[in-house]
Amino acid sequence: MLLGAFLWKNGWIVLGETQSAVRIIAEVAALLLLMDLLMYFFHYGAHLPFIYKMLHRKHHEHVSTNFLSLFVLHPFETIGFGVMMLVLLIGYDFSVISISIYLMLNLIWGTIGHLNREFFPASFDRLLVGTTRFHNQHHLDESKNFGFYTSIWDRVFGTYK
Ligand SMILES: [Zn+2]
Ligand SMILES: [Zn+2]
């Protein structure tokens, strides 16, 4: 957050001011897809043995997940998430509304994704949605399902289960 405020004050991050609903929906969709891609690589990296031991092992102590599992992260993982967001905000002038909606969805998604029972109907898996089942599978088999909001990148890179 502090780094973001610094970049914003110094003109590296410019916030868009669109009020158009279509534009906001497009920006939120872009944030979800791009963050999903960046998080895919970051999460894949977090499973490399030496990084895993330092950062990500704690999260995977929750084999049977619950609504708090999302928050069992190493501080560096949280900072990594923030840095990825800042990279996108430097690259494009997303509006404040789009960023706020995205962050709200992220929190809701992270909580739903770690519930121990399925929240979405089974057909959502086929719609490429990153369902609870999808992320639970990652907690059972740590070599699969590194994405989070969608299963698109796992399907593209061959790690989908
Ligand atoms: Zn993991
Ligand atoms: Zn998890």
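Q: What is the mean pLDDT of the chain?
A: The mean is 93, and 100% of the residues reach 70 or more. pLDDT is the predictor's confidence in each residue, from 0 to 100. This is a predicted model: local features need pLDDT of at least 70, side-chain atom pairs count only at pLDDT 80 or more, and totals for chains, interfaces and linings use all residues. Residues are numbered from 1 along each chain as its sequence is written, while chains are lettered from A and ligands numbered from 1 in the order in which they are written.

Q: Where is confidence lowest, and where is it highest?
A: Lowest is helix α6 (residues 123-126), at a mean of 88. Highest is helix α8 (residues 152-157), at 98.

Q: How many helices and strands are there?
A: The chain has 8 helices and 0 strands. Both are DSSP runs numbered from the N terminus: helices are H or I with at least four residues, strands are E with at least two.

Q: How compact is the chain?
A: Its radius of gyration is 16 Å, close to the 15 Å that the globule rule gives for 161 residues, so the chain is as compact as a globular protein of that length. The radius is taken over C-alpha atoms, and the rule is 2.2 Å times the number of residues to the power 0.38. The C-alpha trace spans about 45 × 35 × 30 Å along its principal axes.

Q: What share of the residues is buried?
A: Buried residues make up 22% of the 161. A residue is buried if 20 or more other C-beta atoms lie within 10 Å of its own, exposed if 12 or fewer, and partly exposed in between; C-beta atoms are placed from the backbone.

Q: Which residues make up the largest nonpolar core?
A: There are 12 residues in all, including Val-28, Met-39, Tyr-102, Phe-148 and Trp-153. A nonpolar core is a set of buried Ala, Val, Leu, Ile, Met, Phe, Trp, Tyr and Cys residues joined through C-beta atoms within 7 Å.

Q: Which helix gives the largest share of this core?
A: Helix α2 (residues 21-46), with 5 residues.

Q: What is Phe-148 in contact with?
A: Leaving aside neighbours within four places in sequence, Phe-148 is in contact with Asp-36, Met-39, Trp-109, Gly-113, Gly-130 and His-135. Contact means that the two C-beta atoms, placed from the backbone, lie within 7 Å.

Q: New topic. How many residues does α5 have?
A: Helix α5 (residues 96-113) has 18 residues. It reaches 25 Å from its first C-alpha to its last, close to the 26 Å expected at 1.5 Å a residue. The expected span is 1.5 Å times one less than the number of residues.

Q: Which α5 residues are buried?
A: Ser-98, Tyr-102 and Gly-113 are. They cover an arc of only 35 degrees around the axis, which puts them on the same side of α5. The arc is that of the directions from the helix axis to the C-beta atoms.

Q: Which residues are exposed on the other side of α5?
A: Val-96, Ser-100, Leu-103, Met-104, Leu-107 and Ile-108.

Q: What covers the buried residues of α5?
A: The cover includes α2 and α7 (132-140). The buried residues of α7 pack against α5 and α6.

Q: Where is Arg-23?
A: Arg-23 lies in helix α2. It counts as partly exposed, with 14 C-beta neighbours inside 10 Å. Arg-23 and Ser-98 are 75 residues apart along the chain, but their C-alpha atoms are separated by 8.9 Å.
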